[in-house]
Amino acid sequence: MSRIGVFVCHCGENISRTVDVEKVAAEVGRLFGVAYTCDYKYMCSDPGQNLLKKAVAEHKLEGIVVAACSPRMHEKTFRNAAKAAGVNPFLCEMANIREHCSWVHEDRDEATAKAIDIVGMMVERVKRNKKLQPITVPVTKKALVIGGGIAGIQTALDIADSGHQVVLVEREPSIGGHMAQLSETFPTLDCSQCIMTPKMVDVVNHPNITLHTYAEIEAVDGYIGNFQVKVRKKARSVDMAKCTGCGICMAKCPQKKIPNSFDKNLGFRPAIYVPFPQAVPNTPVIDRENCTYFKTGKCGVCQKVCGPGAVDYTQEDEIVVEQVGAVVVATGFQLYDIGPKPAGSPIEGYGEFGYGTIPDVIDGLTFERLASASGPTGGKIQRPSDGTEPKSVVFVQCVGSRAREKGISYCSKICCMYTAKHTMLYKHKVHDGQAYVFFMDARTPGKGYDEFWRRSIEEEEAVYIRGMVSRLYQKGDKIVVMGSDVHVGVQVEIEADLVVLATAVQPREGADTLAQKLGISYDKYHFYSEAHAKLRPVECATAGIYLAGACQGPKDIPDTVAQASAAAAKVMTLFSRNELEREPIVAKVNERFCVGCLACRKVCPYGAVEEKEIRDRSGNLIKVVAYVNPGVCGGCGTCQATCPSKSVELDGYTDEQIMAMIEAL
Amino acid sequence: MTPAKNILNYSYYPGCSLHASAKEYDESTRGLFKALKIGLHEVPDWLCCGATPAHNVDELLSLSLCAKNLELSNKVDGDLAVACAACFSRLKVTQHRLAENEEKRQQVAYALDAPLALDKPVKHLLEILATDFGLDRLAAAVQKPLSGLKVACYYGCLLTRPPDVPELDDCEAPSIMERVIGATGAETVSWSHRMECCGANFTLSRPGVVLKLSGEVLASAKRAGADCVMVACPLCHGNLDIRQREIEEATGNRYGMPVFYMTQLLALAAGVATGKLGFGSMMVSPEPLLKAKNLL
């Protein structure tokens, strides 16, 4: 290849401030094989791209180097421009003279010299580039949604309504997630169940949705458009086809005193149970750890009383394999347990707040259950310790959140609003009660949110005290809250009947193991990472996997639903095509030289390497070699670096190209 | 002759209080260690650590005083045993501060006009008893079990704070005092003001503050049903014991709560003669309580 064009970008002043771009263009123009060079203020702009197209036509360019920013930013832009000009897009490369040069150097001469070197290296590489053709892969038009909270439900319904099949997997016996546990929702105070349960029913009735509750993801294989997912359906001990949901088994179960985790352990449930009366599906499960039959073999009452004969103690876990083209992760959140520090947790507890030792110190979700009409008290606000109506309640915000020294530095986003809501719910039910709120900042930026927060102060007379709480202690039947009011500069002590802690929002337990199964990345708090914080907020870096809701970061219901629909839209876009194009930058094995040691298979992070048998015409096995599945290959090049016989190479990054780049230096 | 491995030996920094207002802490410490056959050898020529006033006035002075004491302590074998919570805190702070700050280290070396020797492990008596000596051995050494005595263990503010300095126990939920005294068979109560400040620094300048804070400590111990309070700090002792009458007058509550140094109770359990425990120096007499529990 002897006709290469080099286009040097100023990036406004980002590059030209430190690098003498005209000199770069002039120097590179002397290189063997470079037929045309120029510099321009904004290469990525429309006139910049036209400049490139015009130059290709006028100078009959065969290869292109754009010396500008990182290929992460604009490689696609310029490859598209090259394609429009009739050049194979993979003959266009970027030389990064911004992040790798102008931004990190101050001396103009040195930076210019380095920029010339960088461009020179890319010129040598482009000379050896091959015309690559995109790889096409088929798309299975069926989606997997992991998590049956409001995020998962919204995504599943949106995709299903567009006519595509959806598999919804939920870990708990019922869908509904945390939203089903809430009493009323901000900022409109409409009842959570009233807007949630119809959607839950829609899911179970939808012809396009297959619902697996009480199920977990066992393994995920494959790649965008072609995932194979193994789902472990845990043994319910109740035959879903036979059960009519009459509830006699639950009524007759002699075990009545098992703490109900759906009610945050405020109430009790039997060993055969549905988490709450509006559960979907309305089929009970047997909690084998607490069931007398499973512990001692003596009982079997539920089986005896079950009319349709649905109770089946011999049921075993079942593995279901689903083929899907896209995955939406919607595993949601849990509240930070601020009790004694859990073993192995990097986050420190708040021993001084007495959570777990003082019974009337509860968390926000527990208060939701107390205030909920379907909760253990039927919506009456009662203290857990003695059932009396609390006349003064202290709410403490930012417990665990925004506390770097305790291990969580982020804001949990929903607590300001739900605490404001709690003060209202409380005042609506206990008219002569007084609510106090210790807060650091009030963060209420959503639509109608600030007005809502003000209402809690102006109409419900909640006393907001700016300052943190240092300690809580029991004094008789009161809880003394010691804190400070930084506006007045005094120390405050309040004797409260009930204390509600707005504890930090964390990802669900096990978020990390699920991420490892899916091959997606997560941050240090185990929230899943989106591909780009601003421009690709619902996609994972792993193609074909999308995010919805609080598994990505703390979110309220409106934000969650919006993101869930966005994820559904992304899936529908994917499903709108029969075949997918993938970048052809994949590894290829030279079968003549490969000795079949399969060291590449051990190191491949994508699981793209398979065994391939080479046979002669009469079918006799000659040898076994490695084969890279181009649909799965992520183009990382680890195999190339590992191969002892140098028989696997990444297209676009061959040894020959790398050596040429080094020689150009 | 090298001492046998299982024989513990410490250099001992009593601090000014233990030679004056907290004499009973010193006496009972020596008595207890003798009974447990743990060696204790006072550092020669030690000086005041500067305790609470020095670091408020002149950081260099307070660091230099402690650095000097650490240097002196090297003349005696064994890790440095400290009884007073304030001395313990200052010595540990000095080690931490100088370990991480080269400039301060040079200033202190210049002030002392001697090379610094800061590496000797500084251990509070609690740490020695709980970890080095061991709770099992402590329990085995008990001759007069304190069973039936309900003790409120008072940590005060210095013993475990700031979080990374004393390295004694969990900063927010410590249990070392309960574990140590629990080995004698005594019952410990769960109470709210274990770690609140007694008002220490304000004892002379703002006595009103002390009466309020220490009053709350005593009230909390009383609420929890304690017979007595156990402390490991002469300042706490001063405020809770010496000022208890004043607190009672100011608040109108009657406490009559003996405030023991931890070593007094431990030595009593270990069978040290009661005449050597300084019970006579306590403002709130422990006699009625100990008699009622058959411990005298």
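Lys421(A) is buried, at 2% relative accessibility. Its salt-bridge partner is Glu368(A), with 2.7 Å between N and O. Glu368(A) is buried too, at 3% relative accessibility. This is a predicted model.

**Chain A overall**

- Chain A has 665 residues, and 53% of them are buried.
- Its secondary structure comprises 18 helices and 34 strands.
- Along the principal axes, the C-alpha atoms of chain A fill a box of roughly 90 × 75 × 40 Å.
- Consider the contacts in chain A with a separation of 6 or more: 68% of them join residues 24 or more positions apart.

**Salt bridges within chain A**

- How many salt bridges are there over all chains? The count comes to 53 by the rule used.
- One of them joins the side chains of Lys421(A) and Glu368(A). Lys421(A) sits in helix α12 and Glu368(A) in helix α11 (residues 364-371), so the pair ties together parts of chain A that are 53 residues apart in sequence.
- Lys406(A) and Glu352(A) form another salt bridge, with their closest N and O atoms 3.8 Å apart. This pair links distant parts of the chain, 54 residues apart. Lys406(A) is in the loop between β21 (392-399) and α12 (415-429). Glu352(A) is in the loop between β19 (333-335) and β20 (361-363).
- Are Lys406(A) and Glu352(A) buried or exposed? Both residues are buried.
- Salt bridges can also join into a network: Glu75(A), Arg79(A), Glu93(A) and Arg125(A) are linked in this way.

**A salt bridge within chain B**

- Glu42(B) and Arg30(B) meet through their side chains in a salt bridge, at 2.4 Å from N to O.
- Glu42(B) belongs to strand β2 (residues 39-42) of chain B, and Arg30(B) to helix α2 (residues 23-35). The two residues are 12 residues apart.
- Glu42(B) is partly exposed, with a relative accessible area of 29%. Arg30(B) is also partly exposed, at 33% relative accessibility.

**Where chain B meets chain A**

- The interface brings 7 residues of chain B into contact with 9 residues of chain A.
- The size of an interface is often given as the accessible area lost when the parts come together. For chain B and chain A, about 640 Å² is buried between them. Carbon and sulfur atoms account for 45% of that area.
- Which side chains form the salt bridge between the chains? They are those of Glu196(B) and Arg471(A), at 2.2 Å from N to O. The count between chain B and chain A is 1 salt bridge.
- The rule also finds 2 residue pairs in polar contact across this interface.

**Around Glu216(A)**

- Glu216(A) lies in strand β11 (residues 215-223) of chain A. At 34% relative accessibility, Glu216(A) is partly exposed.
- Leaving out residues up to four places away in sequence, Glu216(A) touches several residues, including Val169(A), Arg171(A) and Lys230(A). Lys234(A) is also among them.
- The side chains of Glu216(A) and Lys234(A) make a polar contact at 3.2 Å.
- Glu216(A) and Lys233(A) are 17 residues apart along the chain, yet their C-alpha atoms are separated by 6.6 Å.

**Cysteines in chain A**

- The structure holds 1 disulfide over all chains. Cys191(A) and Cys194(A) form it, with their sulfur atoms 2.4 Å apart.
- This link is right-handed, with 95° about the S-S bond. Cys191(A) is partly exposed, at 24% relative accessibility.
- A disulfide needs sulfur atoms within 2.5 Å. Cys411(A) is partly exposed, with a relative accessible area of 28%.
- For Cys594(A), the closest cysteine sulfur is in Cys600(A), 6.3 Å from its own sulfur and too far for a bond. Cys594(A) is buried, with a relative accessible area of 8%.

Technical notes: Residues are numbered from 1 along each chain as its sequence is written. Chains are lettered from A and ligands numbered from 1 in the order in which they are written. This is a predicted model: local features need pLDDT of at least 70, side-chain atom pairs count only at pLDDT 80 or more; totals for chains, interfaces and linings use all residues. Side-chain values use heavy atoms; hydrogens and water are left out. Buried means under 20% relative accessible area, exposed over 50%, partly exposed in between (1.4 Å probe, protein chains only). Contact means heavy atoms within 4.5 Å. Buried area is the accessible area (1.4 Å probe) that two parts lose on being put together, summed over both. A salt bridge is a side-chain nitrogen of Lys or Arg within 4 Å of a carboxyl oxygen of Asp or Glu. A polar contact is a pair of N or O atoms within 3.5 Å; within protein, one must be able to donate a hydrogen and the other to accept it, and residues adjacent in sequence count only if both atoms are side-chain atoms. Helices (H or I, at least four residues) and strands (E, at least two) are DSSP runs, numbered from the N terminus.
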